[in-house]
Amino acid sequence: MKKLTGGYSLRRPVLHEVSITVNPGEMVGLIGLNGAGKSTAIKHILGLMVPQSGEVRIAGVTLEENRDRYRSSSAYVPEQPSLFPNLTVKEHLEWTAMAYDLNKGSAIARMDELAQTFRMSEAMNALPDTLSKGMKQKVMLMNALLVSPPLLIIDEPFLGLDPLAIRGLLTSLEEVRAGGSAILLSSHILPALERRANRLVVLHRGRIIAEGSPQAVKLQAGCTEPDSTLDDAFEELVAAAEGGTLRA
Ligand SMILES: Nc1ncnc2c1ncn2[C@@H]1O[C@H](COP(=O)(O)OP(=O)(O)OP(=O)(O)O)[C@@H](O)[C@H]1O
């Protein structure tokens with residue numbers, strides 16, 4: 001996303017010249033208060049909104065240049081799980097494998113792996129209505145991880161997940177990242193991002209107010225104490241942006 005300005009009305013854009021790059025093999029955390037513009041940025045990346053100016057490129061192309069390449073190069077996991085009521089967990093994964101034309105043998109092996117990672121082996125034949133919210137979220141994540149596209153966009157994945165599932169998810173994401181995927185992860189759970197994200201982008205009122213490694217973001221916020229956390233840094237950055245004086 002390069003110098004993107006856009007939103008829901010031409011007169012009042014939500015995003016102002018926002019540039020976000022997610023390189024292969026990198027996990028970028030997108031953070032910001034409620035209403036900062038994270039979901040709006042994601043909608044632009046998904047091609048659901050048209051920028052007023054600037055552009056989004058995935059796998060080197062804009063949506064206009066190559067619709068198929070653009071769309072097939074990313075997978076999106078929304079905050080609210082949306083599943084087909086008549087398909088079991090296993091059938092969802094099989095459907096995804098078919099839709100993305102994955103090799104059958106390796107897809108089956110990967111499904112077993114994902115079922116174990118997310119402790120979902122016993123729920124593989126269950127229908128969505130019989131699953132808890134966290135389990136539905138796991139199914140969405142398993143589908144995205146099965147495909148492992150060049151870019152994975154994940155919106156607030158930790159809410160509703162139990163501690164072991166959060167750990168399993170972070171481990172899976174780490175594997176996918178190490179395998180060369182680019183991951184953009186929007187979340188309010190800052191300790192998870194502090195430990196796992198390679199880079200952070202801090203959005204405030206539709207503008208980037210800090211970015212860099214978690215350590216660099218802490219420094220930009222003036223949090224130099226060894227025990228200062230990303231939560232501390234975030235609070236400082238928002239306060240500084242509201243006061244109009246960034247320390248960085
Ligand atoms: N469908 C919409 N129509 C008009 N304005 C919208 C719409 N969706 C969001 N907005 C506005 O755009 C701004 C950014 O909202 P956005 O949903 O991108 O925030 P967010 O950072 O994802 O917040 P949250 O953490 O609460 O999910 C807010 O001012 C919001 O009111």
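Strand β3 (residues 27-31) pairs with strand β7 (residues 182-186) in the parallel sense over four bridges; pairing here requires that DSSP find at least two bridges between two strands. Strands (E, at least two residues) and helices (H or I, at least four) are DSSP runs numbered from the N terminus. The model is predicted: local features need pLDDT of at least 70 and side-chain atom pairs count only at pLDDT 80 or more, while totals for chains, interfaces and linings use all residues. Residue numbers start from 1 along each chain as its sequence is written.

Contact means that the C-beta atoms of two residues, placed from the backbone, lie within 7 Å. Axes are lines fitted to C-alpha atoms, for helices over the stretch in contact, and angles run from 0 to 180 degrees between N-to-C directions.

The axes of α5 and α6 come within 12 Å and cross at roughly 10°. That makes α5 roughly parallel to α6, a term used for angles under 35 degrees. Gly-134, Lys-138, Leu-141 and Leu-145 of α5 meet Ala-165, Leu-169, Ser-172 and Val-176 of α6. These residues divide into five nonpolar, two polar and one charged; Ala, Val, Leu, Ile, Met, Phe, Trp, Tyr, Cys and Pro count as nonpolar, Asp, Glu, Lys and Arg as charged, and the others, Gly among them, as polar.

The domain assignment gives domain 1 (22-48 + 150-248) and domain 2 (81-148), with bounds taken from an automatic or database assignment. Between them, 14 residues of domain 1 are in contact with eleven residues of domain 2. Helix α6 (residues 163-178) supplies the largest share of the domain 1 side, seven residues. That side divides into seven nonpolar, six polar and one charged residues.

The ligand is surrounded by residues including Tyr-8, Val-14, Gly-32, Lys-38, Ser-39 and Thr-40, where a residue is near if its C-beta atom, placed from the backbone, lies within 6 Å. The shell has three nonpolar, six polar and one charged residues.

Technical notes: Parallel < 35°, antiparallel > 145°, perpendicular 65-115°, else oblique.
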